[in-house]
Amino acid sequence: MRIVLDRPRCEGHGLCEEAAPQLMHLDDDGELVLDREEIEGADAAPANAAVRVCPVAALRLA
């Protein structure tokens, strides 16, 4: 499974980062950075949570 970021949609709210800090972070400019795109095992639940909390639907699982 992969987590995919739609960069033009992302507004940098940071809710996804709170849900899955082991997978992503906001850089100094407030841009979301995916630290890992490939999701395995224990990271599936936080990845799903990050997708659900994004208010602009900028993340999806593929």
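Analyst: Two residues are in contact when heavy atoms of theirs lie within 4.5 Å. The structure is a predicted model, in which local features need pLDDT of at least 70 and side-chain atom pairs count only at pLDDT 80 or more, while totals for chains, interfaces and linings use all residues. Residues are numbered from 1 along each chain as its sequence is written, and side-chain values use heavy atoms, with hydrogens and water left out.

The approach to the helix comes first. Asp 43 lies in the loop between S3 and H2; helices (H or I, at least four residues) and strands (E, at least two) are DSSP runs, numbered from the N terminus. Not counting residues up to four places away in sequence, Asp 43 touches Gln 22, Leu 23 and Arg 36. Its side chain is joined to that of Arg 36 by a polar contact of 2.6 Å. A polar contact is a pair of N or O atoms within 3.5 Å; within protein, one must be able to donate a hydrogen and the other to accept it, and residues adjacent in sequence count only if both atoms are side-chain atoms. Asp 43 has a relative accessible area of 12% and is therefore buried, where buried means under 20% relative accessible area, exposed over 50%, and partly exposed in between (1.4 Å probe, protein chains only).

Helix H2 itself spans residues 44-53, and its buried residues are Pro 46, Ala 47, Ala 49 and Ala 50. Viewed down the axis of H2, these buried residues fall within an arc of 160 degrees, so they line one face of the helix; the arc is that of the directions from the helix axis to the C-beta atoms. Ala 45 and Arg 52 are exposed, on the face of H2 turned away from the buried side. The packing partners of the buried residues of H2 are strand S1 (3-5), helix H1 (15-19), strand S2 (24-26) and strand S4 (59-61).

Leaving aside neighbours within four places in sequence, Leu 32 is in contact with several residues, including Leu 5, Cys 16, Met 24, Leu 26 and Leu 59.

Met 1, in the segment before S1, touches Ala 44, among others. At 42% relative accessibility, Met 1 counts as partly exposed.

Buried residues make up 31% of the 62 residues. Of the contacts with a separation of 6 or more, 61% are between residues 24 or more positions apart.
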